[in-house]
Amino acid sequence: MKKNCKDVLLQIQKALVVVGFSFVIVWGYAQIALNLSFLNPISEVIENFSITDKYYQMMPERENRYISIVDLTSLHDRQEIAQALEAIESCHPIVVGMDCRFKNENKELAADGKPKGNETADNVLKKVVEKYRDNIVFSYELFDEEDEEIGYTREMHSFFANEIPIHEGVCNMQGDNIYNGIKRQMKLGWTLNGKKVPSLVGEVVNIYVGDKLVRTDDDNVNIKFAPTNFTIIHPDSILQHKQEIEGRIVFFGSMAEETDMHYTPLGKIAGVELLAYATQTLLEHSQIIEPPMWMQVIIAILLVMLTNMMQLLYLGWTSRSKSPLVYHVMGSAYLLGLVTFMWIALIMWFTFLFFCMYNVSMEIGWSIAAMAFLATSRSFYAACEDYYKLWKERK
């Protein structure tokens with residue numbers, strides 16, 4: 001009995017060492033890729049890799065029926081924007097999120113150099129804003145970040161913000177430019193001179209639901225990028241799309257401005273579309289849940305240990321078989337690799353289903369990498385064991 005217990009403990013010890021060494025190998029390769037300059041493309045892939053991104057790509061595209069986007073790319077002056085905004089409001093949306101800033105007042109003129117009509121374009125815009133200000137959320141920017149406690153110290157609002165009481169939300173995004181990594185989160189509250197101020201998305205959602213669903217002290221939302229088809233409306237055809245605007249959230253922004261593009265798990269998308277995904281996530285309470293690091297580490301170790309056990313059972317079965325086909329062919333490293341690949345695919349499908357059902361993202365990328373090195377790790381362990389025995393005999 002004692003001998004059996006001792007053998008079991010030795011097997012568990014061996015399994016833990018093999019699994020641990022598999023993770024060490026993966027970590028070693030990752031450090032090489034991250035620290036050697038000529039491997040920069042590989043290091044970027046490692047840093048930005050997330051198994052959740054693959055889950056999104058496996059999901060079927062869906063249709064969103066309560067968020068629409070009006071593309072202002074083709075609008076060239078504020079009078080045209082004001083006319084488009086008035087057309088949107090005539091279709092009775094619940095709330096309009098303006099993903100554009102009107103920084104400084106200027107006297108825009110027509111092509112002939114004369115004022116447009118009897119009023120400047122700015123005055124036309126201000127009249128529309130004053131008329132519909134109750135259900136429009138305007139964006140503004142923050143600048144000059146100091147530290148975590150003070151946050152930003154400077155703000156830039158639309159030129160009419162001091163004259164007209166309007167709803168506003170911060171439009172900044174973490175890593176505002178396209179080259180600042182993959183966007184997976186959006187802030188719901190920003191710190192301005194030590195005080196929390198709401199984001200554009202937070203204000204839009206609160207007006208839509210008629211309540212303070214989103215609080216500014218909630219720092220980030222983990223956006224769910226389930227592929228979604230949002231209705232995109234051209235400004236010239238707003239009135240023809242009344243059904244796609246009435247009773248909906250409408251984001252008014254550019255779909256083609258290169259400076260407002262961002263990389264996401266779905267590829268490069270416009271900032272206004274990123275706002276739509278964040279809004280959808282909040283309204284459907286589908287924010288992605290990421291288990292704490294300690295839990296992910298335990299799950300990763302258990303998965304690799306389970307894989308190691310599966311491989312040992314498979315190799316044990318082939319080595320005991322009297323069939324030459326099973327012993328020589330099915331027991332080969334190639335077939336073991338194929339079985340491991342199918343096993344990993346099965347694990348991925350289970351985690352994918354769990355993700356779809358509960359919005360829980362299990363980052364198993366490092367586990368999968370460690371599984372790939374289990375055979376190497378066992379070989380190294382066996383070599384060390386043989387060397388130790390040889391050293392002991394010589395001693």
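**Exercise 1.** Determine how many salt bridges a search of the whole structure finds.

*Solution.* The criterion is a side-chain nitrogen of Lys or Arg within 4 Å of a carboxyl oxygen of Asp or Glu. This is a predicted model, in which local features need pLDDT of at least 70 and side-chain atom pairs count only at pLDDT 80 or more, while totals for chains, interfaces and linings use all residues. Side-chain values use heavy atoms, with hydrogens and water left out, and residues are numbered from 1 along each chain as its sequence is written.

**Exercise 2.** Characterise the salt bridge between glutamate 163 and lysine 126.

*Solution.* Step 1: the N to O distance between the two side chains is 3.4 Å. Step 2: the pair links distant parts of the chain, 37 residues apart. Glutamate 163 lies in the loop between strand E4 (152-156) and strand E5 (167-170), and lysine 126 in helix H5 (residues 121-132); helices (H or I, at least four residues) and strands (E, at least two) are DSSP runs, numbered from the N terminus. Step 3: lysine 126 has 14% relative accessibility and is therefore buried (buried is under 20% relative accessible area, exposed over 50%, partly exposed in between; 1.4 Å probe, protein chains only).

**Exercise 3.** Classify the partners of the salt bridge between arginine 133 and aspartate 134 as buried, partly exposed or exposed.

*Solution.* Step 1: the closest N and O atoms of arginine 133 and aspartate 134 are 3.8 Å apart. Step 2: arginine 133, at 29% relative accessibility, is partly exposed. Step 3: aspartate 134, at 58%, is exposed.
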